[in-house]
Amino acid sequence: MDLFLKCEKYTLARDSKEKGIYPYFHALESRQDTEVMMEGKRRIMLGSNNYLGLTTHPQVVSAGAAALERYGTGCSGSRFLNGTLQMHLELEEALAVFLRKQAALTFSTGFQSNLGIISALVGRKDYVICDRENHASIYDACKLSYGTMVRFLHNDMADLEKTLVKIPEDAGKLIVVDGVYSMSGDIANLPEIVRLAKAYGARVMVDDAHGLGVLGEGGRGTASHFGLENEVDIYMGTFSKSLASLGGYMAGEEYVIDYVRHNSRPFIFSASITPVSCAVALEALRYLQDHPEIVSRLADISRYAREGFQKRGIRAIQSETPIIPLYTYEFENTLVCAKAIFDAGVYVNPVLPPATPANECLLRTSYMATHTEALLDEAMDIIAAIIKDRSHAQEHA
């Protein structure tokens, strides 16, 4: 059989393009900000993970420009060999201090962070226990490890306990959850997860990619939000969201970090993050430390958007985070709505199967601390009008 036959038979993208509702790869022509130029037109950006709005902050941009001038464009090697800058060590120390852990380690991307952590720690006869809605990088990390992956129903603590009961007592066990789930915006039930982990001798790892800068004291994340910083064994996170850069990290006890540093193939055999990425993440972290009020502003603007959709009669998933998904249900209806909203000047992200169950498709909106109420009112008016018009059209079809 021809290896490429599957490619030839894959027509979903081509079919969507022919219908004029293909939603992906829209090209930005400006900075990532609350308003962007995209394909020649102003769009209000409600589809970014730039939660603190720091991608355009002069202090952060200047730090990146200075690093480019001082260190050049890249490190040209792995951290293991020639690719460690003094600044990488400064960033790791700053992360550990901020997150109140003994040590931290940086990776080239967030995706690679999960690959590197889980594949290093989970060996033969070990188990990874995953929430079904965990990020794709966690699933791929489990495949890369030599351990056994088992899943429990999303945020279902009774099902988590049923899963833990079946695992041999003498097996190594790592419970891995997202702190904030990227599509729904809901928060992991960490208090119960920690309780069950203690009861069944498991360690706990939280992917806090969407929690850092969003939840907790000064934006320290999901564990801080619940007062469980000392109970979560490993934090994982990214620089590409609140910290306005590119890369990822883990934080935990020194001996665990040291083990991963010397045994993680994705870490050892990858080039280090660029000087610019490192400098930007470090400066954004310093800004977050110096301006904890930005986290409160993000919560306020997210609440304003959530209440705004409710007033406009648009059903949204309720949460405490800046991720607000709007129900559009059917696959094609979601794409049609996303296209109409885009054409009207607002960018949102359609969420489709397998990221959602069939007929539970969503439009994912997300918010920045730098959004204004006036800008959100403009965007919400557009979104509400289109969703309602589409709903009425379907009712009379």
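Predicted model: local features only at pLDDT ≥ 70, side-chain atom pairs only at ≥ 80, totals over all residues.
Residues are numbered from 1 along each chain as its sequence is written. Local features need pLDDT of at least 70, side-chain atom pairs count only at pLDDT 80 or more, totals for chains, interfaces and linings use all residues, and side-chain values use heavy atoms, without hydrogens and water.

**Sheet.** Seven strands make an open, mixed sheet, ordered E3-E9-E8-E7-E6-E4-E5. Strand E3 (103-107) and strand E5 (148-152) are the edges, each pairing on one side only. Strands are DSSP runs (E, at least two residues), numbered from the N terminus; two of them pair if DSSP finds at least two bridges between them. Strand E8 (residues 234-238) and strand E9 (residues 248-252) run antiparallel, joined by four bridges. Methionine 236 stands opposite methionine 250 in E9.

**Cysteines.** The count of disulfides is zero. The cut-off is a pair of cysteine sulfur atoms within 2.5 Å. For cysteine 278, the closest cysteine sulfur is in cysteine 75, 7.8 Å away, so it is too far for a bond.

**Exposure.** Buried means under 20% relative accessible area, exposed over 50%, partly exposed in between (1.4 Å probe, protein chains only).

| Residue | Relative accessible area | Class |
|---|---|---|
| Cysteine 7 | 48% | partly exposed |
| Tyrosine 10 | 48% | partly exposed |
| Cysteine 278 | 0% | buried |

**Tyrosine 10.** Tyrosine 10 sits in the loop between helix H1 (5-9) and helix H2 (12-18). Helices are DSSP runs too (H or I, at least four residues).
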